[in-house]
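This report describes the fold, surface and overall dimensions of one protein chain. Please examine the sequence and the coordinates before reading on.

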Amino acid sequence: MEVSLYFAISIFTFCFLIGISYFLSKSEKFEFIDTRNSRFVTIDGLRGYLATSVFFHHYIITWYWVNHGRWE
């Protein structure tokens, strides 16, 4: 039960931060992001997938370290 609670809290926090990032990116302070013409949207999408996979990789390694005491 304890592990599933930590997992649920982690997923909720991740989704919450993604939501905050989305709404902040729509504010006036971040208008410069939309005005850049030298970026490739497909590459940015790939960067997003790669960043998400790195996040989950680090989460799994840290979870294993906390529960088993080994950094593997």
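Is I20 buried, partly exposed or exposed, and why? In this predicted model, I20 is partly exposed because its relative accessible area is 34%, a value that lies between the 20% limit for buried residues and the 50% limit for exposed ones. I20 is located in helix α1.

**Surface patch**

I20 belongs to a nonpolar patch on the surface, together with F12, F16, L17, L24, F30 and F32. The accessible area of these residues together is about 690 Å². Helix α1, covering residues 2-25, contributes the largest share of this patch, namely five residues.

**Fold and dimensions**

The protein contains three helices and zero strands, and its elements follow the order α-α-α along the sequence. Its C-alpha trace extends over about 50 × 20 × 15 Å along the principal axes. The radius of gyration is 17 Å, whereas a compact globule of 72 residues would have a value near 11 Å. Buried residues account for 1% of the 72 residues. The protein exposes about 6,700 Å², and carbon and sulfur atoms supply 70% of that area.

**Charge**

There are 6 positive and 6 negative side chains in the protein. The centres of these two sets are 5 Å apart.

**The segment after α3**

Helix α3 spans residues 41-68, and W71 is found in the segment that follows it. W71 counts as exposed because its relative accessibility is 59%, and the cut-off for that class is over 50%. Between W71 and S27 there are 44 residues of separation in sequence and 40 Å in space, taken from C-alpha to C-alpha.

The two residues discussed individually are listed below.

| Residue | Relative accessible area | Class |
|---|---|---|
| I20 | 34% | partly exposed |
| W71 | 59% | exposed |

Notes
Residues are numbered from 1 along each chain as its sequence is written. This is a predicted model: local features need pLDDT of at least 70, side-chain atom pairs count only at pLDDT 80 or more; totals for chains, interfaces and linings use all residues. Side-chain values use heavy atoms; hydrogens and water are left out. Patches are made of residues with over 30% relative accessible area and no salt bridge: like charges are joined within 9 Å, nonpolar side chains (Val, Leu, Ile, Met, Phe, Trp, Tyr) within 5 Å. Accessible areas come from the Shrake-Rupley method with a 1.4 Å probe; for residues, only the protein chains shown count as cover. A salt bridge is a side-chain nitrogen of Lys or Arg within 4 Å of a carboxyl oxygen of Asp or Glu. Helices (H or I, at least four residues) and strands (E, at least two) are DSSP runs, numbered from the N terminus. Buried means under 20% relative accessible area, exposed over 50%, partly exposed in between (1.4 Å probe, protein chains only). The radius of gyration is taken over C-alpha atoms; the globule rule is 2.2 Å times the number of residues to the power 0.38. Lys and Arg count as positive and Asp and Glu as negative; His and the chain ends are not counted. The place of a charge is taken as NZ of Lys, CZ of Arg, CG of Asp or CD of Glu.
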